[in-house]
Amino acid sequence: MIDPIAHLGDHVMKIGVIVMDNSECTFAFVRGSHIEIIDSITSGIEGKHNQGGQSQNRFMRLHEEMIHLFHTQIADRSNQIYLHLLPFDGFVIGGSSYSKYTFLEKNLLDYRLRDKILNVVDTGYTDFMGVKEALSKSADKLQDLAYIQENQWTQRFMAELS
């Protein structure tokens, strides 16, 4: 017979997730098997354009400045959200390859959050689907997370059915 009280002290893994590109960022928190989208912000930055002539360098400089401001906004919002949720087990950061690495190189996150980065992955989305994609691509580092375990059990069950 299984004693239900014996498992009350078991640790539930908690993970922060940030998925981003240069136009949107989603902040999520995963407790066990539950994914909670905390916030989502957009930059309003237009895609790259081919303005030519004498203004080309000015347009490129303004575009880079807007990206830096958006990265600062992401870091500020991350610090506001996740520092209040400490302690938790770690972070997964996902997004397009260029944007997430540029963001991380700037060291804008609080040192307590930077130290908790478990994995950095490429994702095609920056919304709820991007959060799920970042988690599934980090499954090897998140084996104790109930969300990952349930997905693996479901996949194994579906394989057995077929």
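This is a predicted model: local features need pLDDT of at least 70, side-chain atom pairs count only at pLDDT 80 or more; totals for chains, interfaces and linings use all residues.
In soluble globular proteins, nonpolar side chains tend to be buried together.

When its neighbours within four places in sequence are left aside, C25 is in contact with I18, V19, M20, D39, S40, I41, F70, I74 and T126.

## Overall architecture

The secondary structure of the protein comes to 5 helices and 5 strands, and from the N terminus on these elements run in the order β-β-β-α-β-α-α-β-α-α. Among contacts between residues at least 6 apart in sequence, 62% join residues that are at least 24 apart.

Of the 162 residues of the protein, 35% count as buried. The protein exposes about 9,800 Å², and carbon and sulfur atoms supply 52% of that area.

## Helix 2 and its surroundings

Helix 2 covers residues 97–105, and its buried residues are S99, K100, T102 and F103. These residues lie on the same side of helix 2, because they cover an arc of only 165° around the axis. The elements against which the buried residues of helix 2 pack are strand 1 (14–20), helix 1 (56–82), strand 4 (90–95) and strand 5 (117–122). Just after helix 2, N107 takes a positive phi of about 50°.

## Salt bridges

The structure holds 6 salt bridges, and one of them takes us back to helix 2. K100 forms a salt bridge with D122, with the closest N and O atoms 2.3 Å apart. This pair links distant parts of the chain, since K100 is in helix 2 and D122 is in strand 5, 22 residues apart. K100 counts as buried because its relative accessibility is 0%, whereas D122, with a relative accessible area of 40%, is partly exposed.

Another salt bridge joins the side chains of R112 and D110, at 2.9 Å from N to O. Here R112 is partly exposed, with a relative accessible area of 37%, while D110 counts as buried at 17% relative accessibility. A further salt bridge is formed by E133 and K137, whose closest N and O atoms are 3.2 Å apart. Both of these residues lie in helix 4, 4 residues apart, which is about one turn of the helix. E133 is buried, with a relative accessible area of 19%, a value under the 20% cut-off for that class, whereas K137 is partly exposed, with a relative accessible area of 42%.

M129 is partly exposed, with a relative accessible area of 43%.

Terms used
Residues are numbered from 1 along each chain as its sequence is written. Side-chain values use heavy atoms; hydrogens and water are left out. Buried means under 20% relative accessible area, exposed over 50%, partly exposed in between (1.4 Å probe, protein chains only). Helices (H or I, at least four residues) and strands (E, at least two) are DSSP runs, numbered from the N terminus. The arc is that of the directions from the helix axis to the C-beta atoms. Contact means heavy atoms within 4.5 Å. Accessible areas come from the Shrake-Rupley method with a 1.4 Å probe; for residues, only the protein chains shown count as cover. A salt bridge is a side-chain nitrogen of Lys or Arg within 4 Å of a carboxyl oxygen of Asp or Glu.
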